[in-house]
Amino acid sequence: MLMIVLAFVSQPAARAQTGLGLSPSIPDETRGSISTPMPQAAGDDEPADPESDPRFYPAPPLVTTPEWQGWYFSLLARRLAECPRGRSRSVYFAADGSDVTGDGTMQNPYLTIARADAQLDSAHTQDVALLFKRGDVFRSQTGITVDRPNVTIADWGDPSLPKPLLTPFESYDAAGWGYIFGTRASGRRETEPVKWVRDTDDPDRHFIRASTPQKVLDCPGTWHWNEDSQTLYVHPIPEADGTVPDLRLGHRIIERVTETESGVLVSADNVRLENLRLHGWGMNGGPRPSQKHGIDLSVRNSQRAVAVNCESYYGSSHAMVHVASGASGGIATFVDCKAGLTTYNTGTETIFNTYAQGGQNQVIFHRCSATHGTLPSENFAHATERRGRAFYAHTGGSDTPSDLVIVHDAHIPAGPRSCSNFAVIADAPPADTLADVRAFVVNERFEGGQGTGIGGQFLVPRMARVNGAYLDIRPPHYASNLITAPADGWAINCAIEIDLVDVTTALFAITNGRDDWAFRGRLWHCSIHVRSKSYQEFRLDYDTPHRSEGMSLVNTVLVNLGSGAARAFVGAPMPESTSLFAAGFDPASLPPMTEIAPDELPAPMAQPADPSELRFGAQPIPELAPLRFDLAGADEPRSTVGPIQAKLAASLDIDGNNRLDIEDLHDWHRQPIDLNGDRVVDDLDRRRLERALRWGESLGWR
C-alpha cells in the first residue's frame, strides 16, 4: 500500500473555492414595543446611563404570545441597524492585489490580511470597511484584531462567487513526500508541529487523527504527527474508484495548519462582520486547547458587534463565539452563521458560545447552524458517538447571570460528525415565572442520530425552550439519563423522541437520581415518544420518594413505542400534573386524569390566560413541529394553550359508529371526501386519516 511522509513546505498559491453565500433577510416585524435607536455606546470606563445604554431594553412579552415574536424581530433589526455594513471609507483586498503598489481602491486593491490588520493601526482608524474579494483565498498565520470602533469587515465582487476565505492553512509541495514503511522510506522531518491536515476546504470532507503511524498505514483518510521524529504521516482519502492518490506526483494537495491565534478578534464598539469564511484559526490539539477562535466578538460592557452570514470551521474548543473574559456585558448578534469542526477537548467542545465572566451579556444567535461537531480522532468513538454542544451560554456563575440570551431558529443537522447536544443557556437571570424568563431557545430543530443526547441539559434552570423539535435522540450504550443537572426550566410545545436502541442499560430516565436534585421541570404542551427494548424500563424520573413533587406536566403526551416497560413518573403524586395523556405506559404510574384551566394553575407555574398563541403568525413552526395532541390523532399544529381534546374528531369517523378504525379508511377509499378542510379531495386527506389510525407513532422517526 502506498503511503507518504512529509518533507518540506512550499509557499502556497491562492486557489479558487466553491460555494455560495447570500446575505440574510430579516422579516420587517414591528409588533411589540421597542424604543428608538440608542445613541453611541459609552466607553468601557464610563458609567452606564439607563437612558442611553444599549444594555437597557424593554422587557420581552410572554414567549407564548404573538407579541414576543414582534418584540424579538424589532430588537434584531435594531441591532443590525446599529452596526451597519456601509462606512464612510472602503479599503479593498484581492488575491491579485499588491501591498506595495496597491492603494486600497477597487481598481488597485491591497493583497494580504496583514495589510488589513495594519490598516486599523493607521491614522484612519474609524468608520472604515475592509472588503475582501469573493472567490479569493487569503492565507496568513496572523489574523485581524479590531480594537477600534465603527469598522466593517466584509466581501466585495461577484455575488455568485463563494465568500472570501481567510485561513492559516498552507499547502505542501509534492516534492517532499515519500513512502511509509517501504524499502524507499526516508522519513523526512518537519520543523513545526501539525494541528490538522486536509485536502479540501469542504467542511464535509475531513481526515481522522490517528494515534500511531501504523494506524495511519491501516486506515485511509487518516494522519498522525509524530512529535519525537517531527514527522507527519498521511494516508490520503481514496479516489472514487478506490485508488490511493500519489502525493509525490501532485495527485492531491495536502494542507496543514499549525497552532494559530484568532482569525478575527473584535474588542470595539459598532463592528460588523459579513459574508466571511474563516478556517483553521485557534487550532490546538492538546488536552487544554487555547481559547482562540475563528470569529470572536469579544465585546464587553455596552460594546456592540454583529456577524452576518459568516462561517468558521476547524478551531479549538469553540468555533464562533462572544467572549468577555474577566469582564461583563457585551451585545453580540450572530445571524445566518454556520460553524463546526473543533478539536477534541475532553468532551467540552462547543461550536457557538457566549461567555462573560461578570455576566450582563446580551447575545442573540439567529438562524445559525452548528453544521458539524468535534473533529474525528481516536480520542472518542467517532463512528458511533457524536460529540460537541451546538450552542452554549454561560458566565462566571449564577450570581453573575446574563442579561439576555436568545437562540432562535437554530439547526443541528443529523450525521455522524454532527453535534451530540442541543442549545443550552446556563447562568440565566432569576425567573420564578415564565414572565421573568430572559433565556430563550425558540424554534430549535435538533436532528438526532446515533450517539446523541448524552450529557444534555434539556431543562435548564430559568430557561424556556419553545416550539422545538428534538428528533431521533439515540443515546450511546452507556447512557442512563437525558438530563444531567438540576432541571426546573420550561419546555413548551416541544416534540421529544428518545430511541433506546443503542442503550444497554436496563433503566433509562429523563433525569438522574441524585438525592440533592429534584426534578422540577415544567413540561407544557409537549410530546415525549420513547422506544424501549424488552428488558428496559423507561421512567420520567428515578424511583425515589418525593423526587417529582415539584414537576409540572400540562397537556403533555407520553407515548411508549417499544416492547419494554415504561412509567410516566414515580415517587410522590404530583399535585400540579394536569391534562396528562399517556399511551403504552403502566396505568398505575399515571396521575388522575384531571383538566385544569391554565389560569387555575398554582403560582408560580401559572401560564398566560387562554387563548395564548404558541404558533407565531410572524414565523410558522416548521413542518415537523409538535402537533395538537388529542385521542383522535388530529395532525394540525397546536396554536393555542388549552386542554387536550379527549374526544373523537367527528370528521374522521366516516362510518359514524363513534370509533376510529380500519373500516373508516375502507369507507373513505370507496367514497373519498375532504377531511383536512382545504376543499380539495386528494392524498392529503387519506394521509390524515391514516395518521389518526396510527396515532402514537413517531413524528419523524425513520
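Start by selecting the cysteine sulfurs: the structure holds 0 disulfides, a disulfide being a pair of cysteine sulfur atoms within 2.5 Å. Cys-368 is in no disulfide, and the nearest cysteine sulfur, that of Cys-337, is 4.7 Å away. Cys-368 has a relative accessible area of 1% and is buried; Cys-83, also listed at 1% relative accessibility, counts as buried. Here buried means under 20% relative accessible area, exposed means over 50%, and partly exposed is in between, with a 1.4 Å probe and protein chains only.

This is a predicted model, in which local features need pLDDT of at least 70 and side-chain atom pairs count only at pLDDT 80 or more, while totals for chains, interfaces and linings use all residues. Residues are numbered from 1 along each chain as its sequence is written, and side-chain values use heavy atoms, with hydrogens and water left out.

**Aromatic rings**

Next, show the side chains of Phe, Tyr and Trp. Across the whole structure there are 19 aromatic pairs. Rings of Phe, Tyr and Trp (its six-membered ring) pair if their centres lie within 6.5 Å; planes under 30 degrees apart count as stacked, over 60 as edge-to-face and the rest as tilted.

Select Trp-68 and Tyr-72. Their ring centres are 5.4 Å apart and their planes at 5 degrees, so this pair is stacked. Both residues lie in helix H1 (residues 66-82), 4 residues apart, about one turn of the helix. Helices (H or I, at least four residues) and strands (E, at least two) are DSSP runs, numbered from the N terminus. Trp-68 and Tyr-72 are both buried.

Now select Phe-422 and Phe-458. Here the centres are 5.6 Å apart and the planes at 85 degrees, so the pair is edge-to-face. It links distant parts of the chain, 36 residues apart: Phe-422 is in the loop between strand E28 (411-412) and strand E29 (424-425), and Phe-458 is in the loop between strand E31 (445-450) and strand E32 (464-466). Both Phe-422 and Phe-458 are buried.

The charged end of Arg-115 sits over the ring of Tyr-110, 4.1 Å from its centre, and that of Arg-389 sits over the ring of Tyr-392, 4.3 Å from its centre. The criterion is NZ of Lys or CZ of Arg within 6 Å of the ring centre and within 35 degrees of the ring normal.

**Sheets**

Switch to a cartoon view. Select strands E5, E14, E17, E20, E23, E26 and E29: in that order these 7 strands form an open sheet with parallel pairing. Two strands pair if DSSP finds at least two bridges between them. At the edges are strand E5 (144-146) and E29, each pairing on one side only. Strand E26 (residues 389-395) pairs with E29 in the parallel sense over 2 bridges; Tyr-392 has Val-424 in E29 as its bridge partner.

Another open sheet has 3 strands in the order E8-E13-E9, with antiparallel pairing. Strand E8 (170-171) and strand E9 (196-198) are at its edges with a single partner strand each, so one side of each is left without a neighbour in the sheet. E9 is joined to strand E13 (residues 255-257) by 3 bridges, with Val-257 as the bridge partner of Trp-196.

Then select strand E11 (residues 222-226). Of its 5 residues, 5 are buried, so the strand is largely enclosed by the rest of the structure. Thr-222, His-224 and Asn-226 point one way, and Trp-223 and Trp-225 the other way. Strand E10 (residues 208-209) runs parallel to E11, joined by 2 bridges.

**Cores**

Which residues have the most contacts inside the largest nonpolar core? Select Phe-132, Ile-153, Leu-273, Phe-334, Phe-352 and Phe-391; the core has 81 residues. A nonpolar core is a set of buried Ala, Val, Leu, Ile, Met, Phe, Trp, Tyr and Cys residues joined through side-chain atoms within 4.5 Å. Its largest share, 4 residues, comes from E26. A second, separate core of 25 residues includes Val-63, Val-308, Val-335 and Val-466.

**Last stop**

Finish at Thr-142, in the loop between strand E4 (137-139) and E5. Thr-142 is partly exposed, at 47% relative accessibility. Its C-alpha atom is separated by 7.7 Å from that of Ser-262, 120 residues apart along the chain. Leaving aside neighbours within four places in sequence, Thr-142 is in contact (heavy atoms within 4.5 Å) with Ile-113 and Trp-281.
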